[in-house]
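Dear colleague,

I am passing this structure on to you, and below it you will find some notes on what turned up when I went through it. Please read them with the structure open beside you.

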Amino acid sequence: MFENYRTFETDFAGKKLIIETGKVAQLSNGSCLVRYGDTVVLVNVCASDKPREGVDFFPLAVDYEERLYAVGKIPGSFLKREGKPSEKAILTSRLIDRPIRPLFPKDMRNDVTVSILVLSVEPDCQPEIAGMIGTSVAISISDIPWNGPIGGVAVGYVDNEFVINPDAAQREKSEMYVTVAGTEQKVVMIEAGANEIPEDIMFNGIMRAHEEIKKIVAFIKDIQAQVGKPKFEYQSFEVDPEMFEDIKNFAEEDVKYALDTNDKKVREERLKVVKEKVIEEFSEKYPDSEQAIDECLYKLQKMIVRRWLLDEHRRVDGRGMNEIRPLAAEVGLLPRCHGSGLFTRGQTQVLTVATLGPIGDQQLLDGIDFEDTKRYMHHYNMPAWTVGETKPARGPGRREIGHGALAERALEPVIPSEEEFPYAIRLVSEVLSSNGSTSQGSVCGSTLALMDAGVPIKAPVAGISCGLVTEGDRFLTMIDIQGIEDFFGDMDFKVAGTHKGITAIQMDLKIDGLTPEIIKEALIKTRDARYYILDEVLLKAIDKPRPELSKYAPKMITTQIDVDKIRDVIGSGGKVIQKICSDCDCKIDIEEDGRVFIAAVNTENGEKALKIINAITKDPEIGTFYIGKVTRIMPFGAFVEIAPGKEGLVHISKLDVKHVDKVEDAVKVGDEITVKLIEIDNQGRLNFSRRDALIELEGMTPEPEESRPPRRDFHKDGGSRPFHSREGGHSFEKRRDGKNF
């Protein structure tokens, strides 16, 4: 039935990698089923027959789709089906998009969609790596024009050794996790998270990954040679050479003048004037061609900026190649927030706000990873007004999610452990102005906000980007690229880290790859710039985390209770823990292992809740003092509850240091009083003394025995003196005639 069915097999980091073609999804331009261990991924790629009208870019969409059945889970939503993509799925889509996009023809306008469907997941074989390789296979064997293939691997660093595609246990121990994609000749994409890894180790790890990539590319080329389709012809949207030359000759000097400023707003205003002049000049020769004129002016700007950089070593704002724009840092801007930091680099400005919460505020995850919670979260927002545009406000897009995740990855290695700092931590980076590398501005602003909040981070982290322009064998790198250098350059190489080493890398390319020389130079330049930002800016704004948390931040108290006592603290239907939270104005989280986290803005309230929990979970000890609430009053004394379900009697003779004629003269229902446990009878019932607590804790002097009035032998109704008895689990008094008082 499946006459075109073929399988291709190779060894990939010690496991079998099997590619199946010709059996499933045969209506796509290209498809394959990837089996890597027990991980199974289906990849399809489709292209439109005609170009999309009215666009000046290549319309590529990459969708990485998770299915929870792949890990044997049923979705947790009300509908019990997958909803919008998880954050991990969005990040993986971007991870696969970045290495394949530069290899498509730049003048093609046909829609291309890549769909990666995760069908089965083995934790030791990461599905994103299988998806990246499957994408390369599917496009290579399709009829879609593409200058591939690529290969992709992950590299870890365990016990001072590089590990290709580390398994789950190795990832736990690894000092870095770096995803690298490339062609046979060059590296196309780097995405890294690391625990302060030195630049030389990072570089060697990338080169080790590229050696493995070359084997995968050779494997894919063999598949393409056997089952690949001829590539289709497409309509080119390259700028008309004659039109470009006309506009270049007419407007080149005006464009140079427009670009020659370090103010983005001034530049844009000047370019508007140039565009109006060009349209007026060529409206008759090139009617209805405003979009084409835009493309010609874009190409002209790109040519000028690149000529300045490569031939004159000149940047549009006059800086040197290794010079950073003016920097500023400030903390404590928002008095009611737990921590805040403002970082400014030229016209790029980011405000990050830190919020601390109880562990129960951590994010719950429902994805194909085996991680189900996230304690540290970083979110990034960049509205249209930050670049002077008017667009309606929407939720975070893929770019915002990606930039937030990059900053989160950069700071994660320095976040204290839950044991050291038992808080959930949320950072929100609000971009206030954007002119290049806001993601790395977010890293710097976040370091300021964390230290302002009093989070004991292990080291401050800074981030910076490195740009690139190439021409043939020539290349030039520059530090701290602004927007125009990003638009017209070939690379945005973002690196974040501490004085000790790298914590995160993200590399975006517009060319077919980087040589080892370029990668090494970018790592060194970003290291030197990072040191400068740390020493001259961040640490001068705040040199260490504040010793105390904001008065508006919750104060955390932790304790450990016996697992068997958890049910007592929670109570039936949660009544006990809800009452403690209400009475003490706090929030309590209890883990399955018996760890208890009490969060209260007022420390006294937290201590009060801790005492109640201790009273519930620990057996009462004679001689211990407790704070209890009067629940009932009887003629012979008051009943005091020291914890939910734990109540005892304070006899009238033990209510005060002086004689008490009526219980109501000393206490009332609802009063909170301090008592001392003086007796536990053989049935486990508790007797307390308020009198002893007043003497021992407050230093009050007891009334002499001789000054006390004698006890009445008989009550006014003629009954005899009451005697002390116990029935029904509590002490009470009974007359000799059998009637209760």
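Across the interface of domain 1 and domain 3 of this predicted model, six salt bridges are found, and the count of residue pairs in polar contact between these two domains is 19. On the side of domain 1 that touches domain 3, the elements that give two or more residues are β5 (60–65), α1 (87–100), β10 (187–197) and α4 (199–227), and of these β10 gives the most, with 11 residues. As for extent, 43 residues of domain 1 are in contact with 39 residues of domain 3, and the area buried between the two is about 3700 Å², with carbon and sulfur atoms giving 57% of it. In domain 1, the residues that lose the most area to domain 3 are Arg94, Glu196 and Glu199, which together make up 20% of what that side buries. The C-alpha centres of the two domains lie 25 Å apart.

To place this in the whole protein, the domain assignment gives domain 1 (6–227), domain 2 (241–312), domain 3 (327–389 + 398–541), domain 4 (555–617) and domain 5 (624–698). Separately, an unreviewed UniProt entry carries the annotation "domain: S1 motif" for residues 623–691; in the model that span is 3% helix and 52% strand, and its end C-alpha atoms lie 13 Å apart.

The side chains of Asp63 and Arg398 meet in one, at 2.8 Å from N to O. Another joins Asp260 and Arg314, whose closest N and O atoms are 2.9 Å apart. Because Asp260 lies in the loop between α5 (241–259) and α6 (264–282), while Arg314 lies in the loop between α7 (290–312) and β11 (327–331), this pair ties together parts that are 54 residues apart in sequence. Asp260 is partly exposed at 39% relative accessibility, and Arg314 is partly exposed as well, at 27%.

A further salt bridge is formed by Asp311 and Arg474, with 3.3 Å between the closest N and O atoms; Asp311 belongs to helix α7 and Arg474 to strand β19 (residues 474–479), so that the pair links distant parts of the chain, 163 residues apart. Here Asp311 is partly exposed, with a relative accessible area of 45%, and Arg474 is partly exposed, with 37%. The side chains of Lys16 and Glu9 also meet in a salt bridge, at 3.7 Å from N to O, where Lys16 counts as exposed at 53% relative accessibility and Glu9 as partly exposed at 49%. Beyond such pairs, a network of salt bridges links Arg315, Asp317, Arg319, Arg325, Arg345, Asp480 and Glu485.

Finally, one residue deserves a look of its own. Ser340, found in strand β12 (residues 339–345), is buried, with a relative accessible area of 0%. A polar atom of the Ser340 side chain lies 3.0 Å from the backbone nitrogen of Leu333, and one lies 3.2 Å from the backbone nitrogen of Leu334. Leaving aside neighbours within four places in sequence, the residues in contact with Ser340 include Glu330, Val331, Thr352, Val353, Leu448, Ala449 and Asp452.

With best regards

Definitions and conventions: Residues numbered from 1 in each chain as written. Predicted model: local features only at pLDDT ≥ 70, side-chain atom pairs only at ≥ 80, totals over all residues. Heavy atoms only, no water. Helix = DSSP H or I, 4+ residues; strand = E, 2+ residues; numbered from the N terminus. Buried < 20%, exposed > 50% of the residue type's maximum accessible area, 1.4 Å probe, protein only. Polar contact = N/O pair within 3.5 Å; in protein donor to acceptor, adjacent residues only side chain to side chain. Contact = heavy atoms within 4.5 Å. UniProt positions renumbered as here; feature names shortened; annotations may be inferred. Domains from an automatic or database assignment. Buried area = accessible area lost by both parts, 1.4 Å probe. Salt bridge = Lys/Arg side-chain N within 4 Å of Asp/Glu carboxyl O.
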